Amino acid sequence: MSTLSLSTPSSDKGKEGFAEEYEHASTKPRRPIAKADDAAIALEGEERVTAFVVFLVTAAAVSGFLFGIDTGIISGTLVEIGDALGSILGDRERELITSATTLGALISALCAGIVADMIGRKTVLAAADVFFTVGAIVQACAHNVATMVAGRFILGFGVGWAACIAPLYLGELSPTRLRGRLVTVNVIFITLGQVVAYGIGAGFAHVNNGWRWMVGICAVPSGIQLIAMHFMPDTPRYYLRKERVEDARKVLAKVYPYASADEIKLKVDLLQASVKESVEVVKGTTFAQRFFSMFTNPVKRRATIVACGLQAFQQLCGFNTLMYYSATLFATIGFDQPTAVGLIVAGTNFVGTLFAFKYIDIIGRRRVMLFSAPGLVFSLTFAAICFHFLTRKTGGDLLENSDYPKVWSSLVLLAIVLYVLSYAVGLGNIPWQQGELFALDVRGIGTSLATGCNWGGNLLISLTYLSLMRKITPAGAFGFYAGLCLLGWIFVLFCFPDLGGLSLEEVHEVFTDSFGIKRAAEMRRRKHETAVSLHADAALAA
């Protein structure tokens, strides 16, 4: 079986010459990789999920669980904390405590992918566990707002690294046909963490200093994952970048145990060709050149726009602030057990994510987004109408200790449940497929930029949510979020191609001439036909 070769820049070219060639070469399809990869994928039997893959996915997805449990825990904590930090918290202090994690996540996310390219995906996930553990302990011991904010900020570094690298790690290890579903497992764990957090919050609601146990509990899963990391490999693509070919082959053999030695060798050859090109790019260019190519090179610019646009859409729709402040919101509109009611919201998010896990690779990423995003617009508009009638007696403002009509409070809850369900099915999952959008030489930079947009949007929303509710009323705030969701849906309609079923090496071709919506559909169709033909030939030969 022949191996793939890739032409290299001649040795007499200087770094500037290669950099200029690199700037223009990326707009052309890569000749041998995608065509050979069609045959390789058809032979791998990669529709089977092995025990090894289950272990890797589960262990890595604990990062998502930590992300989720923190998001959910702070909601109940803000209700139960009382004057434990020296005084009753005002809106500005609540926003500061909540957004400290987001700020830490934003800073760490901007460098996460770059650090992962240098020291490995596995090592970054382990380092995130250390931040989670230290941050949880500092929060649990806090006796003033400053210490609480510091603990939340430290924990944010873990959240940022985990949110960026866990999907990347899973995407690079997953079989191509199952990549969407297996990356979605990370989001399932995020939503599971939120459900568990609300359950813990409800359990500790009437316990003296129970909020300290609530925030400190994050140290437990992070410690478990840190131990599990000892038994986990890094990704084959990272090993090949470090010229550890045998380590890459061993991992692939475990991911595809039903493949023959020749098929594994072909897969290694395919990845090696792609990695070889990436390594040559890294050696022939500076970091600054690769970074600015994300905006100046047409192919990479389109991929960056899609990844960053989806992540911004995910946050600007307002979902995470709902998770942060849901218990506070439900307490204000008259629910006696606000944390328990928040558990309904978290449970809806979990169920919707399970639906996405089942059908994301069957229905397709683009279709899921096109059909779920209008649900966000409708439910937020419905919520705005409900808030308008709910708060008519208080001049449109949402005031604590007011007696609001139970019917409108219940309709607000219904609107939020519909909103969360629409979010979980599509927008909560698909932006985290971001790693598949970028070529290997800039995958770390690309995922950092996209995740940075996510946390930047999160920071903006979490810092302004309570103030926005007060300035333009809850009805105005939810109507504003509905408008942002409409803009996001238009973005998806014109810019987001469906990359399901395409290998990470093939995705580069999609953005050659445009955002590639039609091109991606055609490539997926041809690939499916090739796979069917090869399976039929194999059946006849047998």
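**Salt bridges, a surface patch and cavities**

At 30% relative accessibility Arg-519 is partly exposed, whereas Asp-513, at 58%, counts as exposed. The model is predicted. In it, the side chains of Arg-519 and Asp-513 meet in a salt bridge, 3.9 Å from N to O. Other salt bridges share partners: Asp-117, Arg-121, Glu-172, Arg-241 and Arg-443 are joined into one network. Across the whole structure, a search finds eleven salt bridges.

Take Arg-524 next. Its side chain meets that of Asp-498 in a salt bridge of 3.8 Å, N to O. This pair links distant parts of the chain, 26 residues apart: Arg-524 sits in helix 21, Asp-498 in the loop between helix 19 and helix 20. Arg-524 is partly exposed at 27%. Asp-498 has a relative accessible area of 8%, so it counts as buried.

Helix 12 holds another pair. Asp-269 and Lys-265 lie four residues apart there, about one turn of the helix. Their side chains form a salt bridge (3.3 Å, N to O). Asp-269 is buried at 9%; Lys-265 is partly exposed at 39%.

Now the surface. Leu-486, Leu-487, Ile-490, Leu-493 and Phe-494 form a nonpolar patch, with about 460 Å² of accessible area together. Ile-490 belongs to helix 19, residues 440-495, and is partly exposed at 35%.

Of its 14 lining residues, Ile-190, Asn-320, Tyr-423, Gly-428 and Trp-432 are the closest to the centre. Helix 7 gives the largest share of this lining, four residues. By class, the lining has six nonpolar, eight polar and no charged residues.

Note on methods:
Residues numbered from 1 in each chain as written. Predicted model: local features only at pLDDT ≥ 70, side-chain atom pairs only at ≥ 80, totals over all residues. Heavy atoms only, no water. 1 Å grid on protein atoms, 1.4 Å probe; cavity = no way out; pocket = protein on both sides within 12 Å on 5 of 7 lines; lining within 4 Å. Helix = DSSP H or I, 4+ residues; strand = E, 2+ residues; numbered from the N terminus. Nonpolar A, V, L, I, M, F, W, Y, C, P; charged D, E, K, R; others polar. Patch = residues over 30% accessible without salt bridge, like charges linked within 9 Å, V, L, I, M, F, W, Y side chains within 5 Å. Areas by Shrake-Rupley, 256 points an atom, 1.4 Å probe, with all protein chains shown as cover. Salt bridge = Lys/Arg side-chain N within 4 Å of Asp/Glu carboxyl O. Buried < 20%, exposed > 50% of the residue type's maximum accessible area, 1.4 Å probe, protein only.
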